[in-house]
Amino acid sequence: MSNYVINHLKELESEAIFVIREIAAQFENPALLFSGGKDSILLTHLAKKAFFPAKIPFPLIHIDTGHNFPETIAFRDALVEKLGVRLIVGSVQEAIDKGRAKEETGADASRNSLQIVSLLDTLEAHKVDAAMGGARRDEEKARAKERFFSHRDEFGQWDPKNQRPELWNLFNGRKNYGEHFRVFPISNWTEMDVWEYIKLENIDLPSLYFSHQRDCVVRDGVILANSEFIKLKENEEVVNMTIRYRTCGDMPITGAVESEADNLDKIIEEIATTRTTERGGRADDKRAETAMEDRKKQGYF
């Protein structure tokens, strides 16, 4: 009699696939929120495994701020074509043009919070009742509070003080008309788990995650990519640096790290020794101590 042993990565994989299948079973119109970052790419890979050899049975939703890295959009389009899945794009620029959202001004202007309106409008237009995302509890303290199944009211809002218990892997997807759920199948994964699994499964990623040279601006200790969306402040200068990204968001708010890690082994070694959190360089999280939680209460990812 042989002992059957699975490592922690396969255990996490099994848990995530179970949650993804629960979503497909409990909801009528689920969708996968796809940012083009490593976590949403990993989640898409898990969804593919969950239903193989059939195709992923729900669409991917990308909220396009107009301030994305070009590498992210190119990767998104190539992946959608490869998988043969439906892509729904919600446009922040369209929301601004319609007067649904107001563009921020100033040197530190960002479209990050403007995604809330576009996301809620897109979910409502397509009658999505469960939107799954790649958020993890180790990323940020507000995300650490959420359950796998995160209930949202008819306004898309989240109440961190009123969440449903999840005992013995029983998930309660009951909701009233107009309400929906956000679901996070990789909640229990860490950044290291993600990278080790990406290596194990040989998952393709945008080049942003690997060491490369880029013109940057260092602002308040955060390394930002120089782009048409950045307004230089007095005494700021553009410097060519060797960097990579640990997390991927909009160009004006996503901080890079100086790094020579140009392959998965080097990235894993780098993460094992770092003392900085994954979102430590995100300018949008530095606006206030509770910046992420405030956005999530309003309907953010």
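This is a predicted model: local features need pLDDT of at least 70, side-chain atom pairs count only at pLDDT 80 or more; totals for chains, interfaces and linings use all residues.
The chain contains eight helices and ten strands. Of its 301 residues, 52% count as buried. Among contacts in the chain with a separation of 6 or more, 73% are accounted for by residues 24 or more positions apart.

Two packed helices are described by the angle between their axes and the distance between the axes. Helix α1 (residues 8-26) packs with α2 at an angle of about 75°, and the two axes are 9 Å apart. Because angles of 65 to 115 degrees count as roughly perpendicular, α1 and α2 are described as roughly perpendicular to each other. On the side of α1, the contact involves Lys 10, Glu 13, Ala 16, Ile 17, Ile 20, Arg 21 and Ala 24, and these meet Leu 43, Leu 46, Ala 47, Lys 49, Ala 50 and Phe 51 in α2. Sorted by class, this contact of α1 with α2 comprises nine nonpolar, no polar and four charged residues.

Helix α2 (residues 38-51) also packs with helix α6 (residues 191-201), at an angle of about 55° and with the axes 11 Å apart. The angle makes α2 oblique to α6. The crossing in which α2 passes α6 is left-handed. From α2, the residues that make the contact are Lys 38, Asp 39, Leu 42, His 45, Leu 46 and Lys 49, while α6 contributes Glu 191, Val 194, Trp 195, Tyr 197, Ile 198 and Glu 201. By class, six nonpolar, one polar and five charged residues form the contact of α2 with α6. Leu 46 and Lys 49 of α2 take part in this contact and are also listed in the contact with α1.

In α6, Glu 191, Met 192, Trp 195, Glu 196, Ile 198 and Lys 199 meet Leu 264, Asp 265, Ile 267, Ile 268, Ile 271 and Ala 272 of α7. The contact of α6 with α7 has eight nonpolar, no polar and four charged residues. Among the α6 residues that meet α7 are Glu 191, Trp 195 and Ile 198, which also belong to the contact of α6 with α2.

Within α2 lies Thr 44, a residue that counts as buried at 1% relative accessibility. When neighbours within four places in sequence are left aside, Thr 44 is in contact with Leu 32, Phe 34, Ile 56, Leu 60, Leu 79 and Leu 83. Burial was also examined in helix α5 (residues 115-125), where the buried residues are Gln 115, Ile 116, Ser 118, Leu 119, Leu 120, Thr 122 and Leu 123. Following α5 is Lys 127, whose phi is positive, near 55°.

The cysteines were considered last. A disulfide is a covalent bond between the sulfur atoms of two cysteines. Zero disulfides are found in a search of the whole structure. Cys 216 has a relative accessible area of 1% and is therefore buried. Cys 248 is likewise buried, with a relative accessible area of 12%, since the cut-off for burial is under 20%.

Key:
Residues are numbered from 1 along each chain as its sequence is written. Side-chain values use heavy atoms; hydrogens and water are left out. Axes are lines fitted to C-alpha atoms, for helices over the stretch in contact, and angles run from 0 to 180 degrees between N-to-C directions. Helices (H or I, at least four residues) and strands (E, at least two) are DSSP runs, numbered from the N terminus. Angles under 35 degrees count as roughly parallel, over 145 as roughly antiparallel, 65 to 115 as roughly perpendicular and the rest as oblique. A crossing is left-handed if the near helix is turned anticlockwise from the far one by less than a right angle, and right-handed if clockwise. Contact means heavy atoms within 4.5 Å. Ala, Val, Leu, Ile, Met, Phe, Trp, Tyr, Cys and Pro count as nonpolar, Asp, Glu, Lys and Arg as charged, and the others, Gly among them, as polar. A disulfide is a pair of cysteine sulfur atoms within 2.5 Å. Buried means under 20% relative accessible area, exposed over 50%, partly exposed in between (1.4 Å probe, protein chains only).
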